[in-house]
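Q: Please walk me through how to read strand pairing and helix packing in a model.

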Amino acid sequence: MNDQKLRVGVVGLGFAGRTALEAFSELPDVEVVALAGLEKDTLAELGEKHRVPHLYEKWEDLLQYDGLDAVSIGTPTQLHAPIALAALEQGLHVLCEKPLARTVDEGLAMVEASKKAGKVLKVIFNHRERGDVAALKHQIDEGQLGRIYYAKAHWMRRNGIPGMGGWFTNRELSGGGPLIDLGVHILDLALHLLNEPTITTVTADTFAELGPRGRGSASSTIRPTVDTLGSKFEVEDLATAYLRLEGGGALQLETSWATYRAPGDNFGIELFGTEGGAKIEVQNYTTTDTLRIFTDVGGVPAEVRPATGAGLGHRAVVSEFVAIVRAGDWTSHNGSEALLRTQVIDACYASAKAGREVVLNG
C-alpha cells in the first residue's frame with residue numbers, strides 16, 4: 001500500500017459524508033473511487049466535482065465494488081453498525097461518523113468485528129482537533145493545572161433540533177436526542193483532556209419539553225407544529241449528567257437542542273485543578289479568543305488568553321485515519337475508545353429512565 005494510493009469509498013451525502021469526501025479528496029495519497037447516497041442529483045454533482053468514478057445509490061452496491069481499501073461512513077446513526085460490520089467482514093478499514101452506534105450492543109459488535117478482521121475502526125471526534133483544545137491539552141500535559149478534580153462540559157442550543165420530524169427525532173433511528181448527538185462530543189472532549197479517566201457511576205436526567213410541541217426547530221423558515229412533524233418527537237431535547245471518576249474526580253455534562261436561553265449554539269468545557277483552571281467557550285463555532293487559563297502570578301489572580309489557531313477538525317481525523325492505515329500497526333485501533341463513550345451515553349439514558357444512579361463496570 002505504500003506504493004499506491006489508498007482507495008476509499010464514501011457513504012452518505014449529508015454534512016458528515018460531504019466533509020469526509022472533501023477531506024479525503026485533498027490528500028495526495030488517497031483516491032476516492034466510490035460514492036454512495038440516495039439523493040441522485042447530489043450524488044451526480046459530488047461525483048463530478050470530486051471525479052469519483054463509481055457512483056451508487058445503495059451502500060450495499062458500493063461494498064460490492066472490489067477496488068476498495070477503506071470505507072467512510074457518514075450516514076444516519078442506525079446505519080453505522082450494518083455498514084461497518086459488512087465492510088469489516090470484507091476486510092476493509094472503516095472510518096465512522098460519531099457516535100459509534102445507537103447502543104452498546106451495536107458498538108460492541110463493531111469493535112469485535114474490527115478485532116476479528118484485524119482492520120482499523122476509527123470514529124470521527126473532530127472537535128478534539130480544534131486549536132484551543134490542542135493548546136489546552138498541552139497545558140494539562142505540562143502540569144500547569146495540577147490535578148484536575150472537577151470538570152463541566154456543555155453544548156447548548158436555543159433553537160437547534162435538527163431535522164424536526166425526521167430520523168434525528170426518531171428514537172429507533174437515532175438512538176436518542178442531544179445527549180447522543182452533541183453530548184458524545186463534549187464527553188469525548190472531557191475524557192480526552194482528562195487523559196481518559198475511569199468513570200465509576202453515572203446519574204442523569206433527560207427532558208422533552210419543547211420538541212414534542214413543535215418548538216425549537218433548527219430551521220429558520222419552518223416552524224412545525226405538533227400536527228405536522230411527520231413523526232412523533234420521541235427523544236429528549238435537554239439532558240444533564242453527573243459522572244463520578246475513579247480517584248475522586250467528577251464531570252458534569254449538560255446538553256440541549258432547544259431550551260429558552262440566549263440565542264445561538266454554544267459549547268465548551270471548564271476545568272478546575274489544584275494549580276490552575278481553564279475554560280473553553282465557543283459561541284456559534286467561533287475559533288478565536290475562546291481559551292482562558294486561570295492561575296496566580298505572585299499570589300495575585302491572573303487570567304491568560306492564549307492565541308490559538310482554528311485547527312483542522314475533520315481533516316485532521318481523516319489524515320490520522322489514513323496515516324494509521326498506512327502504518328500497518330492496526331491492533332490498537334479497533335474502536336474501543338469510541339465504545340467507552342457509547343457505554344457512558346447508554347448508562348446516562350438508563351439512569352434517566354430508572355431515576356437512579358448507574359454503576360459502570362470497569
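**Sheet and helix pair**

A: The sheet comes first: six strands make an open sheet, ordered β3-β2-β1-β4-β5-β6, with parallel pairing. Strands here are DSSP runs of E with at least two residues, helices are runs of H or I with at least four, and both are numbered from the N terminus. Two strands pair if DSSP finds at least two bridges between them. This is a predicted model, where local features need pLDDT of at least 70, side-chain atom pairs count only at pLDDT 80 or more, and totals for chains, interfaces and linings use all residues. Residues are numbered from 1 along each chain as its sequence is written, and side-chain values use heavy atoms, leaving out hydrogens and water.

Q: Which are the edge strands?

A: β3 (54-56) and β6 (121-124), each of which pairs on one side only. From one strand to the next, the twist averages 25°.

Q: How many bridges join β5 and β6?

A: Strand β5 (residues 93-97) pairs with β6 in the parallel sense over four bridges. Cys96 has Val123 in β6 as its bridge partner.

Q: What describes two packed helices?

A: The angle between their axes and the distance between the axes. Helix α9 (residues 183-193) and helix α11 (residues 336-354) have axes that come within 10 Å and cross at roughly 120°. Axes are lines fitted to C-alpha atoms, for helices over the stretch in contact, with angles from 0 to 180 degrees between N-to-C directions.
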